[in-house]
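Here is a short report on a protein chain. Look at the sequence and the 3D view, then read on.

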Amino acid sequence: MKLMKIGSKPDSIKTDGNNVRYVENELASDITINVDGSRFCLHKFPLLSKSACLQKLLSRTDKNNADEVDISGIPGGPTAFETCAKFCYGMTVTLSAYNVVATRCAAEYLGMHETAEKGNLIYKIDVFLNSSLFRSWKDSIIVLQTTKTFSPLSEDLKLVSLCIDAIASKACVDVSHVEWSYTYNRKKLAEENNGADQVRAREVPRDWWVEDLCELEIEFYKRVIMNIKSKGVLGGEVIGEALKAYGYRRLSGFNKGVMEQGDLVKHKTVIETLVWLLPAEKDSVSCGFLLKLLKAVTMLNSGETVKEQLVRRIGQQLEQASVAELLIKSHQESESSLYDVDLVKKIVVEFMARDQNSEIEVEDDDEGFEVQEVKKFPGILSEASKLMVVKLIDGYLTEIAKDPNLPASKFIDLAESVSSISRPAHDGLYRAVDMYLKEHAGITKGEKKRMCKLMDCRKLSVEACMHAVQNDRLPLRVVVQVLFFEQVRASASSGSSTPDLPKGIRELRSCGTYGSSRSVPTVMEDEWDTVATEEEMRALKSEIAALKLQEESGRKSTDKAAVTAISRVKSLIMSRKMFGKKLQGKGGGGEKNNGGGGSDSSESLGSVTEEAAKTATPSRNLTRKVSVS
């Protein structure tokens, strides 16, 4: 820390313990000055020679034959006035970064300019500031911090702006000219090297200054960062690192995505300022940091403008996010669900909008009027980015599906927002749908239908298929789809092609079993609504197990095995339809007697099993399994 000593005489101001201070010499005091409850018994001559303010005050007291004046409004109070008084007496005064602003403001109040006397206190302080303190990084920060107490006078004296410019200039200096005298990096590198001896051998990073600036209040911090950005020397990544460090330091719990109790108004100001200071460059800050800001904005109920700005920024780099970072809790009183799914959907929509950019061109027509034309250009999203976001949303859907209060419509709408991206596999989406069906057994048939139509059974892995055919939460038609396309895959892997499939499989395919439910033109409602009963699931599992056993035996009869497996499933569905029609023929009582649909009746399973057993018997000697293991 830089210091400056002014004067050469010893300090002879004493105190009697009752807030009375006096100069110890042979001459009696001839004036008393009151400063905020403290009384200074001094002499007129040294004070009048250097203070224009005291000259005016004493001229008034002389007219009234009084020897006492009051200057309780002086900045810095008794301490600052005593420093100025010592200077007037020629006593030794020590100035530092901690007291220079108070002394400078007090000297301004007392009018200690060059017009009163050459080489006065204000001149000496200004020289000390410009030649020493503003050239020191740490001292400049300390001086700036002390100016807040003396605002607005410190602003009027340009002390704040001079400090800010000095700090910003130091932050932008070439790192080759930076010495390791800064607490942040010196401490950090000393820990890394188990000592401070090797610190100077290390290269100085471009963000060496970010931790030191975290000591500033948000108002000063904002002005410093703006000054740094205006110089155009440092890139957006360095500015982003500074904002991140400040958020972690000043907001307790921010790093964990929570806001601890405290001055919420102050926290809100900090968050909104950090958002406002974000660099324009993409990837200047991490997506994780942006999502932490968004969580804080949501918790503190900040304005919609701040929220929209963050949504736009996050949408530009959504592929960098993780599922945990995307789990933003809802803080709206009208919202019963645990997570703010609507906010995440807005982010996804913003991401998808990047795939189709528009540009407005303004042209003049023949009559001189301006005509706006919107032209669309190919998007800038890479396939890798799209796939990463799809995987992210699948994981997010799986997590929010555990929320018992999540409406199916929000789940489906979010899943459909990325439906235009072709997934190489639908396992993640299947896990999400299965989790939702598990936690929300009471959803309507229409909602279950929409949810299952999200999946493409052709893109399920072998493991997912094995799980799906044994999943009693899925509608039977979905299970049939899985079995059908798994058999198609098994046939293809054995050398057959889809057009050469057995007649039974082709017939079933033409009856309404499609790979992607989005491509189904017309589907019987009972095929969607039907959920396999326990007996039906056991029948399907036994058929699969039989086909597995035949695979292990090494025999080859692929087409015949396919016919048997698909015929079993087909007969189950057809028997359900016939049973439902019989019930409807009795006066429509089937729906009432079977809790909403004759397809759920187990009576049809007996006759079907009996009849299908005849066709299923040869399958015991077949060789190739349905590839669902």
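Helices and strands here are DSSP runs, numbered from the N terminus: a helix is H or I over at least four residues, a strand is E over at least two. Ser38 lies in strand β5.

This is a predicted model, in which local features need pLDDT of at least 70, side-chain atom pairs count only at pLDDT 80 or more, and totals for chains, interfaces and linings use all residues. Residues are numbered from 1 along each chain as its sequence is written, and side-chain values use heavy atoms, with hydrogens and water left out.

## The whole protein

The secondary structure comes to 29 helices and 9 strands. A residue is buried under 20% relative accessible area, exposed over 50%, and partly exposed in between, with a 1.4 Å probe and protein chains only. Of the 629 residues, 49% count as buried. Contact means heavy atoms within 4.5 Å. Take the contacts with a separation of 6 or more: residues 24 or more positions apart account for 71% of them.

## The sheet

Strands of a sheet pair through backbone hydrogen bonds, either parallel or antiparallel. Two strands count as paired if DSSP finds at least two bridges between them. In this model, 5 strands form an open sheet in the order β2-β3-β5-β4-β6, and the pairing is mixed. The edge strands are β2 (13-15) and β6 (68-70), each of which pairs on one side only. From one strand to the next, the twist averages 25°.

The table goes through the pairs, with one example of facing residues for each.

| Strand pair | Bridges | Direction | Facing residues |
|---|---|---|---|
| β2 and β3 | 3 bridges | antiparallel | Lys14 and Tyr22 |
| β3 and β5 | 3 bridges | parallel | Arg21 and Phe40 |
| β4 and β5 | 5 bridges | antiparallel | Asn34 and Arg39 |
| β4 and β6 | 3 bridges | parallel | Ile33 and Val69 |

Arg39 of β5 also stands opposite Val20. The hairpin of β4 and β5 has 2 residues between its strands, and Asp36 in the turn has a positive phi of about 50°.

Now look at β4. Its side chains point two ways: Ile31, Ile33 and Val35 to one side, Thr32 and Asn34 to the other, and all are buried. Because 5 of the 5 residues of β4 are buried, the strand is largely enclosed by the rest of the structure.

Return to Ser38. Is Ser38 buried or exposed? Its relative accessibility is 6%, so Ser38 counts as buried. Leaving aside neighbours within four places in sequence, Ser38 is in contact with Asn19, Arg21, Ile33 and Pro78. Ser38 and Ser72 are 34 residues apart in sequence, and their C-alpha atoms are 9.1 Å apart in space.

## Helices

Axes are lines fitted to C-alpha atoms, for helices over the stretch in contact, and angles run from 0 to 180 degrees between N-to-C directions. Helix α3 (residues 77-89) lies across β2, β3, β4 (31-35) and β5, and runs at about 10° to β5.

Two packed helices are described by the angle between their axes and the distance between the axes. Helix α19 (residues 408-416) and helix α20 (residues 427-439) pack at about 175°, with their axes 12 Å apart. Angles under 35 degrees count as roughly parallel, over 145 as roughly antiparallel, 65 to 115 as roughly perpendicular and the rest as oblique. So α19 and α20 are roughly antiparallel to each other. Ala408, Phe411 and Ala415 of α19 meet Leu429, Ala432, Val433 and Tyr436 of α20. By class, this contact has 7 nonpolar, no polar and no charged residues. Here Ala, Val, Leu, Ile, Met, Phe, Trp, Tyr, Cys and Pro count as nonpolar, Asp, Glu, Lys and Arg as charged, and the others, Gly among them, as polar.

## A loop glycine

Gly303 lies in the loop between α14 (287-299) and α15 (304-316). With a relative accessible area of 33%, Gly303 is partly exposed. Gly303 and Glu272 are 31 residues apart in sequence, yet 8.9 Å apart in space, C-alpha to C-alpha.

## Cysteines

A disulfide is a covalent bond between the sulfur atoms of two cysteines. The search takes a pair of cysteine sulfur atoms within 2.5 Å as a disulfide. How many disulfides does a search of the whole structure find? The search finds 0 disulfides. The sulfur of Cys452 is 8.6 Å from the closest cysteine sulfur, in Cys457, which is too far for a bond. Cys452 is buried, at 3% relative accessibility. Cys41 also counts as buried, at 16%.
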